[in-house]
Amino acid sequence: MSVFTDKLDFLLAKNCIRRADLSRATLIPESSIRNWYIGKTPSVEIALKIAKYFGVSVEWLFSDAGMQEINKINELKKQPELNLDEVQPLTFQENKLIECFRALDNRDKNTILLMAQTLEKLE
């Protein structure tokens, strides 16, 4: 994948949008979107549409800026599932944290996950 498609995947996930939704909202054919994932590059006009839709710059879409954070999120997605046989009952604080977390939108959930991972690494 390219920096552009990595960032597009990030923006889609962050905003809970599917490729088909992006296609409908921007009038970009789904076939064009699929082509980006096999190595084609969008035209300047299309890149401007996408940047405007997500509220980012075209430069950001194609540069390495922000890739470190995106890679951290991708690493979180790759972490193995917990073995439920090894899980202990949750404390009151843990239950409250989960309750609060579930009330957040996806953007804030991703922020909390990154913060927790950063704190974990500091210990």
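Leucine 27 is located in the loop that joins α2 to α3 (30–36). The model under discussion is a predicted one. Within this model, leucine 27 has a phi near 60°, which is a positive value in a residue other than glycine.

**Loop residues with positive phi**

- Most residues other than glycine have a negative phi.
- Leucine 27 has a phi near 60°, and its relative accessibility of 70% is over the 50% limit, so leucine 27 counts as exposed.
- Cysteine 16 also shows a positive phi, near 55°, and is likewise a residue other than glycine.
- The location of cysteine 16 is the loop between α1 (3–14) and α2.
- With a relative accessibility of 48%, cysteine 16 counts as partly exposed.

**Packing of α2 against α4**

- Two packed helices are described by the angle between their axes and the distance between the axes.
- For helix α2 (residues 19–26) and helix α4 (residues 44–54), the angle is about 105° and the axes lie 11 Å apart.
- Because angles of 65 to 115 degrees count as roughly perpendicular, α2 and α4 are described as roughly perpendicular to each other.
- On the α2 side, Leu22, Ala25 and Thr26 make the contact, and on the α4 side the residues are Lys49, Tyr53 and Phe54.
- By class, the residues of this contact between α2 and α4 comprise four nonpolar, one polar and one charged.

**Serine 23 in helix α2**

- Serine 23 belongs to helix α2 and is buried, its relative accessible area being 10%.
- The serine 23 side chain comes to 3.4 Å from the backbone nitrogen of glutamate 30.
- When neighbours within four places in sequence are set aside, serine 23 is in contact with Ile28, Pro29, Glu30 and Ile33.

**Salt bridges**

- Side chains of opposite charge can pair when their charged atoms come close.
- How many salt bridges does the structure hold? There are three salt bridges in the structure.
- Arg18, Asp21 and Arg24 are joined in a network of salt bridges.
- In the pairing of aspartate 21 with arginine 18, the closest N and O atoms are 3.1 Å apart.
- In the pairing of aspartate 21 with arginine 24, the closest N and O atoms are 2.8 Å apart.
- Both aspartate 21 and arginine 24 lie in helix α2, where three residues, about one turn of the helix, separate them.
- Aspartate 21 is partly exposed at a relative accessible area of 23%, whereas arginine 18 is exposed at 52% and arginine 24 counts as exposed at 53%.
- A salt bridge also links glutamate 99 with lysine 96, with the closest N and O atoms 3.3 Å apart.
- Glutamate 99 and lysine 96 are both in helix α7 (residues 92–102), three residues apart, about one turn of the helix.
- Lysine 96 has a relative accessibility of 39% and counts as partly exposed.

**Valine 58 in helix α5**

- Valine 58 is part of helix α5 (residues 58–62).
- The relative accessible area of valine 58 is 26%, and this residue is partly exposed.
- Apart from its neighbours within four places in sequence, valine 58 is in contact with Ala47, Leu48 and Ala51.
- Valine 58 and phenylalanine 4 are 54 residues apart along the chain, and their C-alpha atoms are separated by 9.7 Å.

- Is methionine 67 buried or exposed? Methionine 67 has a relative accessible area of 9%, under the 20% limit, and is therefore buried.
- This residue lies in helix α6 (residues 67–78).
- Beyond its neighbours within four places in sequence, methionine 67 is in contact with Val3, Asp6 and Lys7.
- From methionine 67 to aspartate 21, the separation is 46 residues in sequence and 24 Å in space, C-alpha to C-alpha.

Key. Residues are numbered from 1 along each chain as its sequence is written. This is a predicted model: local features need pLDDT of at least 70, side-chain atom pairs count only at pLDDT 80 or more; totals for chains, interfaces and linings use all residues. Side-chain values use heavy atoms; hydrogens and water are left out. Axes are lines fitted to C-alpha atoms, for helices over the stretch in contact, and angles run from 0 to 180 degrees between N-to-C directions. Helices (H or I, at least four residues) and strands (E, at least two) are DSSP runs, numbered from the N terminus. Angles under 35 degrees count as roughly parallel, over 145 as roughly antiparallel, 65 to 115 as roughly perpendicular and the rest as oblique. Contact means heavy atoms within 4.5 Å. Ala, Val, Leu, Ile, Met, Phe, Trp, Tyr, Cys and Pro count as nonpolar, Asp, Glu, Lys and Arg as charged, and the others, Gly among them, as polar. A salt bridge is a side-chain nitrogen of Lys or Arg within 4 Å of a carboxyl oxygen of Asp or Glu. Buried means under 20% relative accessible area, exposed over 50%, partly exposed in between (1.4 Å probe, protein chains only). A polar contact is a pair of N or O atoms within 3.5 Å; within protein, one must be able to donate a hydrogen and the other to accept it, and residues adjacent in sequence count only if both atoms are side-chain atoms.
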